[in-house]
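Here is a short report for a first look at a protein. Take a moment with the sequence and the model before reading on.

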Amino acid sequence: MRALVVVDYQNDFVTGTLGSDDAVAIEGSVCGRMSEYIENGDDVFVTKDTHGTDYLRTAEGRLLPVEHCIRGTWGWDLCGRVAELAGRPGCRILEKDTFGCRELMDILRDYDEIEVCGLVTNICVIANAVIARTANPEARVTVRRDCVASNDRELGEKALDVMRTLQVEVL
């Protein structure tokens, strides 16, 4: 069994408050992976970074004082074609209030292959790749470099290096 985890491809991370040209550029690759998984009958899990209006008073908000992905706002919505594909059968949207999606620990236990893609490489992508590796140590866990992006390219590359040391295949 295969699972694709699409991390936080939301407006605020693509063109909004924490967006980048690199995030915009990966949409086609991410959608291509989603389409392949959907067509093959594999499972797709799409995470949504989700914060409340009290974000700036949270621990994360104090350390990253940029409001983003506030529930119910445009920035919180999934972006572009990812939003359309996420509504298809075989896709499940998971809200998360921190970098890693806690629900994935239980969900990913039974998969032979787990692919992680999305945003931001050096924060939420790496956190969820670690969750995938932890949830299922025998699974093949992969990240495609053309399906991830960071608003800091250097940190994104370093995150890919760290993922390799954690036995996540970077393709």
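## Overall fold

This is a predicted model. The protein has six strands and eight helices. Read from the N terminus, the order of elements is β-α-α-α-β-α-α-β-α-β-α-β-α-β.

Take the contacts between residues at least 6 apart in sequence: 77% of them join residues at least 24 apart.

## Size and packing

The C-alpha atoms fill a box of roughly 40 × 35 × 30 Å along the principal axes. The radius of gyration is 15 Å. A compact globule of 171 residues would have a value near 16 Å, so the protein agrees with that expectation.

Of the 171 residues, 51% count as buried.

## Surface and charge

The accessible surface comes to about 8000 Å². Carbon and sulfur atoms account for 50% of that surface.

The side chains include 30 negative and 19 positive ones. The centres of these two sets lie 2 Å apart.

## A closer look at Ser-20

Where does Ser-20 lie? Ser-20 is in the loop between helix H1 (11-14) and helix H2 (21-25).

Is Ser-20 buried or exposed? Its relative accessible area is 16%, and buried means under 20%, so Ser-20 is buried. Leave aside the neighbours within four places in sequence. Ser-20 is then in contact with Phe-13 and Val-14, and also with Ser-150 and Asn-151.

Key
Residues are numbered from 1 along each chain as its sequence is written. This is a predicted model: local features need pLDDT of at least 70, side-chain atom pairs count only at pLDDT 80 or more; totals for chains, interfaces and linings use all residues. Side-chain values use heavy atoms; hydrogens and water are left out. Helices (H or I, at least four residues) and strands (E, at least two) are DSSP runs, numbered from the N terminus. Buried means under 20% relative accessible area, exposed over 50%, partly exposed in between (1.4 Å probe, protein chains only). Contact means heavy atoms within 4.5 Å. The radius of gyration is taken over C-alpha atoms; the globule rule is 2.2 Å times the number of residues to the power 0.38. Accessible areas come from the Shrake-Rupley method with a 1.4 Å probe; for residues, only the protein chains shown count as cover. Lys and Arg count as positive and Asp and Glu as negative; His and the chain ends are not counted. The place of a charge is taken as NZ of Lys, CZ of Arg, CG of Asp or CD of Glu.
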